[in-house]
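Subject: Structure handover

Hello,

My notes on it follow.

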Amino acid sequence: MIFFWAFVVGGAICLCGQLCYDVLRLSPAHTMTLLVVTGALVDGIIIDGTSMYDRLIAFAGAGASVPITSFGSALVHGALSELNTHGAIGVLTGIFEVTSAGISAALIFSLCAALLVKPKA
Amino acid sequence: MSNKKTKNLTPIQQQYTALAASREPKRSVVKNCLRAFVSGGLICLLGEAIRQALIAWGGFTAKTAGDPTVAILIALAVVLTAAGVYDKIGQWAGAGSAVPVTGFANSLASAAIEHRSEGIVLGVGGQMFRIAGPVIVFGTAAAFAVGIIHLIVRALLGGAP
Amino acid sequence: MTVRRTGHQTFIFDQHPIVRSVATVVGPMEGAGPLARDFDIVHADMMLTEKSWEKAERKMLEEACTLAIENAELQKESVDFFIAGDLMNQLTSASFVAEKLAIPHIGVFGACSTSMASLALGALYIGSGVAQHVLTATCSHNATAEKQFRYPTEYGAQKPPTAQHTVTGAGAAVLSNIGDGEGDAITIAAATIGRVIDMGITDPMNMGAAMAPAAVDTITAHLRDMRCNADAYDIIVTGDLAAVGHELACTLLHRHGIHDAAARLVDCGLLIFDRTAQEVQAGGSGCGCSAVVTFGHLFKRMLRGEWQRMLVVATGALLSPLTFQQGETIPSVAHAVAFCRTTRVQQGGET
């Protein structure tokens with residue numbers, strides 16, 4: 001069942017992105033920024049100790065954790081968990097705590113690609 | 001586009017922009033949305049499959065499987081970008097291939113590969129975040145804002161920090 | 001003096017400068033299009049075995065220039081001036097090629113209208129008597145334009161149906177005051193320098209709509225200055241309005257009551273690609289578009305006798321990534337050159 005919801009929820013988030021392109025006429029950069037900020041705000045809503053985005057991930061698995069919205073949510077996660085453990089300064093130190101894997105991987109792999117291949121057009 | 005912009009236009013310009021808007025070929029929004037839904041859904045489905053596989057055979061737990069899943073998807077996207085395929089997928093899939101984390105990786109890899117000709121430091125290093133930069137900047141800013149709000153709310157409620 | 005001004009924006013050549021030779025070089029997409037057989041060199045590799053897109057564009061321009069001089073049966077030392085432009089910042093392609101050719105050079109920027117802007121200026125040099133042979137050239141490359149104006153080539157952004165595909169191509173022409181013998185030749189009868197028109201379009205993915213009013217303004221000005229009707233021309237060609245801009249230009253011409261201009265209007269951006277089979281959205285664009293289609297395809301059809309008189313109106317959208325990010329509207333310009341098919345008899349004088 002989680003496969004089904006991963007497909008549906010992931011697809012639906014991408015559909016929202018497409019609507020930003022075609023209806024709101026936003027550029028890709030604006031669209032992604034909007035989605036990331038949305039993800040961050042949704043994650044900031046915590047009910048009964050679990051954030052709304054976590055509930056979505058528990059429900060849809062990769063359908064919620066693969067779209068760029070989860071990047072925003074992960075940034076907030078890092079900030080809030082360090083806020084809990086280290087106090088106010090945690091908001092700054094914790095932001096990249098959770099997302100570091102994604103950014104580092106994309107950065108390192110891209111660097112390798114740039115050294116190895118030429119653009120194809 | 002916005003009302004503020006049209007206010008600065010002369011009547012003749014407004015007339016023409018209205019004519020141009022009426023003659024603009026309609027974007028097939030329904031078709032594009034369908035494609036975005038299916039392709040985005042499939043990428044997430046693939047992500048879920050990788051995650052489940054890592055949990056079943058890789059010795060990861062539901063909590064720890066997230067990072068390697070993302071890393072594998074990113075590696076896949078960078079390989080497709082380097083092979084010159086991801087931009088073709090992007091034209092078909094639209095937001096479907098841009099919104100998942102693979103699109104983030106594509107924006108980094110494409111900029112890095114494209115600007116290699118300007119040198120490793122200034123080209124690759126300097127331009128890599130040309131498109132992905134705003135996502136990180138405003139994601140971070142939003143996370144900071146949410147963190148501060150939580151801090152204030154907790155202080156007001158008088159609970160533990 | 002064989003050149004004089006008529007009206008506000010037009011100059012007429014009493015003795016027509018001759019298009020002595022042309023050369024066209026294109027990339028793989030254009031080579032797969034309907035006009036493939038009309039181009040002199042078709043490259044299968046976008047990179048032309050060079051190290052960067054920018055070098056590839058430069059090489060195309062150099063090939064076109066060298067070939068045009070060769071076709072004119074001239075040495076580059078006997079070419080008096082080299083007038084060229086492209087889409088790159090600071091006209092790097094034209095400047096770097098000019099350095100190699102070592103012909104006195106002036107760079108012109110008119111975005112995609114550069115092909116006719118440089119031709120009009122070249123003809124003026126000939127007509128005023130300061131030059132005997134002038135080389136004019138322009139080029140564009142899909143990948144360099146994407147990189148400079150839009151996104152990295154491998155980035156998976158979706159293009160809307162109004163977007164245009166920048167042509168990978170270079171076109172060069174040698175203008176002379178004397179031809180290289182008898183027979184039919186293309187000559188330049190008149191040229192109209194366009195005004196910059198801004199009708200308030202802001203979408204850089206819809207340049208056809210931004211440029212259509214400029215094309216119509218220049219066509220109207222040309223007909224007014226020349227005191228002639230559109231039926232003085234067998235065909236009127238716009239540079240790179242593509243599907244969206246072409247339809248708008250026809251609508252505007254009808255509204256101005258110039259129905260016979262709309263009836264004989266064709267567009268280089270629509271001719272160069274097969275839009276049903278090739279993924280080019282609205283059609284072609286770029287400096288190279290009007291240059292390779294005019295020099296490679298349309299001149300051949302004129303010489304075959306299909307048309308006697310042709311007006312080419314090259315259109316350019318004068319935007320930069322900076323101006324559209326700052327929310328500016330897109331100013332556009334169009335320059336027109338009137339070509340004649342002339343049957344020459346022996347003209348005397350040395351060649």
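Starting with chain B: from the N terminus on, its elements run α-α-α-α-α-α-α-α-α. That is 9 helices and 0 strands. Please keep in mind that this is a predicted model.

Chain B has a radius of gyration of 22 Å, whereas a compact globule of 161 residues would have one near 15 Å. Along the principal axes, the C-alpha atoms of chain B fill a box of roughly 65 × 55 × 40 Å.

Next, the interface of chain B and chain A. Chain B brings 69 residues to the contact and chain A brings 65 residues. The two chains bury about 5400 Å² between them, with 79% of it on carbon and sulfur atoms. Of the area that chain B buries against chain A, 12% is supplied by B:Phe37, B:Val99 and B:Val135, more than by any other three residues.

A:Arg25 forms a salt bridge with B:Glu24, and their closest N and O atoms are 3.2 Å apart. The interface of chain B and chain A also has 12 residue pairs in polar contact (both at pLDDT 80 or more). Elements giving two or more residues to the side of chain B that touches chain A include α3 (29-57), α4 (66-82) and α9 (133-157) of chain B. The largest share of that side, 17 residues, comes from α3(B). By residue class, the side of chain B that touches chain A divides into 47 nonpolar, 12 polar and 10 charged.

Now chain C. The domain assignment gives domain 1 (3-176) and domain 2 (184-343) of chain C. Their C-alpha centres lie 17 Å apart. In chain C, 59 residues of domain 1 are in contact with 67 residues of domain 2. Domain 1 and domain 2 of chain C bury about 4900 Å² between them, 66% of it on carbon and sulfur atoms. C:Gln9, C:Met116 and C:Gln164 supply 16% of the area that domain 1 buries against domain 2, more than any other three residues.

Between these domains of chain C the rule finds 0 salt bridges, while the count of residue pairs in polar contact is 28 (both at pLDDT 80 or more). Among the elements that each supply at least two residues of the side of domain 1 that touches domain 2 are β3 (18-26), α4 (114-127) and β7 (133-140) of chain C. The largest share, 7 residues, comes from α4(C). The residues on this side of domain 1 of chain C are 33 nonpolar, 21 polar and 5 charged.

Regards

Key: Residues are numbered from 1 along each chain as its sequence is written. Chains are lettered from A and ligands numbered from 1 in the order in which they are written. This is a predicted model: local features need pLDDT of at least 70, side-chain atom pairs count only at pLDDT 80 or more; totals for chains, interfaces and linings use all residues. Side-chain values use heavy atoms; hydrogens and water are left out. Domain bounds come from an automatic or database domain assignment. Contact means heavy atoms within 4.5 Å. Buried area is the accessible area (1.4 Å probe) that two parts lose on being put together, summed over both. A salt bridge is a side-chain nitrogen of Lys or Arg within 4 Å of a carboxyl oxygen of Asp or Glu. A polar contact is a pair of N or O atoms within 3.5 Å; within protein, one must be able to donate a hydrogen and the other to accept it, and residues adjacent in sequence count only if both atoms are side-chain atoms. Helices (H or I, at least four residues) and strands (E, at least two) are DSSP runs, numbered from the N terminus. Ala, Val, Leu, Ile, Met, Phe, Trp, Tyr, Cys and Pro count as nonpolar, Asp, Glu, Lys and Arg as charged, and the others, Gly among them, as polar. The radius of gyration is taken over C-alpha atoms; the globule rule is 2.2 Å times the number of residues to the power 0.38.
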